[in-house]
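Please open the structure in your viewer and keep the sequence beside it.

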Amino acid sequence: METQLAGGVEHGLDPFIRLLGPVSGVRGARDLDLGSPRQRAVLAILARHAGHVVPMSALIDGVWGEMPPRSAEQSVYTYVAGLRGTLEPGRDRRGASRYLPGGAGGYRLSLDAAQVDALLFARRLDDARRLAREDDHEGALAALDSGLTLWRGGALSGVPGPFAAGERDRLNELRLGAVERRAEAMIGLGRCQDALPGLMELITGHPLRERPRELLILALGRLGRRADAQRAYAEAERVLAAELGVEPGEGLRRSRDSAMRDDPRPGPPPRSRAAAPPRRLPGELAGFVGRAAEKVRLRSLLAPWDDAPPQPLVVLSGPPGAGKTALAVHVAHLVAERFGDGQLYVDLHGATPGVAPLRPYDVLSGFLHALGVPLESVPADPDEAAARWRARLEGMRVLVVLDDAAGLPQIRPLLSVPAGNAVLVTSRETLAWADDCVQVDLGTLPESESVTMLARLAGAARTSADPAATSRLVRLCDGLPLALRIAGARLAGRPAWSVADLADRLDDEQRRLSELETGDLGVRAGLAASWESLRDSDHPTERAAARALGVLGLLRVPTVTGEVVGALLDTTTAAADRALDRLADAHLLDCARPGRYRMHDLVRLFAAEVAPADRRAPLIRALGLYAATARTAATLLDEHRVQPRGPGVDAAPLPLRDAAAAHAWLTREEPNLVAAAAQAMADPDDTIAGLGVALAFGLMWYQQGAYRALDLVSLNEQALLVGERLGDQRIMLLAHSHAGYGQYLRGRLDDALRHDHQHLALARRLGDRFEEQRAHGVMAIKHAKRDHYAEALRGGRAQLAIAREIGTGVGERYALFVIGMAQQGLGRLDEAMASLREGLDLALAVGDSTHEAIIRGMLGEVHLDLGCPRLALEQLRPGLDLARSRNARLVEARCLLNLTRAHRLLGDRAESLGYLGQMAALADELGSDYWHQRLEKERAQAL
């Protein structure tokens, strides 16, 4: 509901922000204390973009410009805190802010357009334009009057900064346009006499503005005052000649001619147009391929199917080489017929190496000239030129393509075009927070479109001759149109090369960027231009973003967060988040989801080239953070498990509240932790390799429970090599143990037992009785899986004896489980029941829920062997719940199969088949032949 009415503010709880005059705010009848001028400047920026997040960088730029003080960011925090106190005086500071929440690296003012006078004024102008197009001049006049009553003086008076200056000019220009439209509406209604006072006042205040003089001449002519109309034209002619040295424009001449006719035509006054519509689009790229979804989206915005006005600002944003220009030009040609008054194009050189970006005034001057304004008539003042630009576009349908914008400041004077016109911008930067903007982000091309593009360039016969090599080449080009264009051009220029030949050359990461260069095209050059603009910036956040890209070249992980980048940069997480947001805005990173970023392969290779010379310290900090947090998470998940300790970890872990937070962190970070551990253990630096071992060991319990067999084997076999290299037998002992369990999960029992024998031998050599008893237990499990139950029983008893000797409860509980399993296999079910119950009692006594789940699953199976399915259910149901809560997939599988069996024996077919279905899904997820065989055996009996 709109809280601002024609002259007053409704009493209510929500604040109302005023920008159309001194920046102020009210709640009901009470004025709000908005603080210092700079604090009000921050509010003005947020209010102008109410409902949308404004990045911290935009707030700093808007208040201080290109040379902010070092304290600018901290000052913004202070101003936001002050505004929150004013807007929400009773808010608990520990709780979320209702009106000014933070998010995505900035802040958002949670008000709608009806609670900011400038936005409400814009809504009234839109209403007036719509009503005027429908020939409802009474309604248009009412909307304009309602909007103009919102003004209380010069816009944004009393606040400093570049944003306020630019916004002040924009709003004041809108106000002048509204006054002009009000006069047009009056003339259209035949109220020419009523239009005269406002027009005279407008001309007095803005003598060089031609449109009010056009309207004055028309009004006088329609009142029959031809002599006065002629004098008004002569006065316009004199002022323009004296002040600008130019003759009256076409609009003034047409108004004079209309006023001099004996029978002036009724209706709204016409608007002047350029004599010959400009057609300045560049030619289309031959053989444009792909981007079907994006083309549909862009056409719907620029040429809506219902013939509605186009979206005034559309931004096509994406990384270097994404094909933004080609797509923009292609779509501009597709919709050109909807813009009958012309199509304009300019390359702004926002990221052209060695070429300075175009100045906004130069672009304005060229565009105005293209629209029929003589160069000598273009105002020398940039603000006046921008006003002339908007006035010239009134009533027209022009498509403006601004290619390769450096950022919003470069194009802002060209925006806010009148309804019916559209501006299509391409930029490597994110510009989504610009006024009236719809941004379309270009990602990589899907493989099907990439293959088609490559075939078009290199020849379909070559690509179809080796589909596998073609797919590999497309993947190596990372789906980037520029890379595909270069690859296609290289193949086209080398008929003797096969697709596989080029793919083999690109396989070498050290030379891939060099291979993706031809002529003046190169992936490296495009990436370098974006990175260098950040590196050489005067803004500290942009320089930090450039450093962040460099350190990201050190760590080869799928995704990163602010915490790990903060460790790499040795800075705070908040500062790292801002740097990552800036890289995402520049499309050098993708924001996979809030707070998490990923880098495409070609960007990763470039990042490695600009990585800092000191690689050791950043890697040690990041790996230390990973390893310490993984160990903490494993401890939180299960305090009863003995954590294997790796070398050299003295970093502080991330704060994790509880087991749920630990599990969530491990689940999110697992791919990164595995990749980081593998990278570190392959490093020639002993300290870095040791941290990789520590990280691998920190993942061990999680990987065992989650059935990550391949990673468990791979990482620990790598750790074994590090242990051998360092001569560290303790690393070797633990690596053998973990790798053996991973091979057991894979069903490779011979390989598992070889590791177990080495584990046992090293434990005895080192005199480590805990690891010795553990080795006996894990070997016994493998023997049991081979149905060698007597040998398994001997191993379990050996473990139990040592566990009791050294007083390790966890070893004792596990040994009783192993013994019970072996006794069950030997058909000694009563003995098995006794061993398992003893183990369960010990687990319950100390709250070891992992061992409780394992033993309950085994007890349920023994009950089934004894022919007691109801007793089995009493163990299996809680066992399943515990297994799922502990992420113990192996135990979950055993419980599901035995629940299927128990319900089948009880004649409960529906329940049995329900558990069977759950087990089928789990077996597919685990990818284990052993569990699939068990599943099929039970399925045959169930059906």
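The model is a predicted one, and residue numbers run from 1 along the chain as its sequence is written.

**First stop: the cavity**

Select Pro319, Pro320, Thr444, Asp478, Leu480, Val523, Leu527, His600, Leu602 and Val603, which line the largest cavity. Two elements each give two or more residues to this lining: helix H22 (523–535) and helix H26 (601–609). The volume of the largest cavity is about 90 Å³, and the structure holds one cavity of 30 Å³ or more. Colour the lining residues by type: seven are nonpolar, two are polar and one is charged.

Keep Val523, one of the lining residues, and show its surroundings. Beyond its neighbours within four places in sequence, Val523 is in contact with Leu480, Leu482, Ala483, Ile486, Leu513, Leu516 and Leu602. Of these contacts, Leu480 and Leu602 also belong to the lining of the largest cavity.

Which residues have the most contacts inside the largest nonpolar core? They are Leu473 and Val523, in a core of 103 residues. Next, select residues 686–706: this is helix H29, and it supplies the largest share of this core, 11 residues.

Move to helix H1 (residues 37–48) and select Gln39 within it. Is Gln39 buried or exposed? Its relative accessible area is 10%, under the 20% limit, so Gln39 counts as buried. Now display Leu34, Thr78, Tyr79, Gly82 and Leu83; Gln39 is in contact with these residues, leaving aside its neighbours within four places in sequence.

Not counting residues up to four places away in sequence, Glu938 touches Leu897, Thr900, Arg901, Arg904 and Leu916. Which side chain is joined to that of Glu938 by a polar contact? Show Arg904: the polar contact between the two side chains is 2.8 Å.

Key. This is a predicted model: local features need pLDDT of at least 70, side-chain atom pairs count only at pLDDT 80 or more; totals for chains, interfaces and linings use all residues. Side-chain values use heavy atoms; hydrogens and water are left out. On a 1 Å grid over the protein atoms alone, a cavity is a set of points where a 1.4 Å probe fits but cannot get out, and a pocket is an open set with protein on both sides within 12 Å along at least five of seven lines; lining residues have an atom within 4 Å of a point. Grid points are joined across faces, edges and corners, and a volume is the space filled by probe spheres set on the points. Helices (H or I, at least four residues) and strands (E, at least two) are DSSP runs, numbered from the N terminus. Ala, Val, Leu, Ile, Met, Phe, Trp, Tyr, Cys and Pro count as nonpolar, Asp, Glu, Lys and Arg as charged, and the others, Gly among them, as polar. A nonpolar core is a set of buried Ala, Val, Leu, Ile, Met, Phe, Trp, Tyr and Cys residues joined through side-chain atoms within 4.5 Å. Buried means under 20% relative accessible area, exposed over 50%, partly exposed in between (1.4 Å probe, protein chains only). Contact means heavy atoms within 4.5 Å. A polar contact is a pair of N or O atoms within 3.5 Å; within protein, one must be able to donate a hydrogen and the other to accept it, and residues adjacent in sequence count only if both atoms are side-chain atoms.
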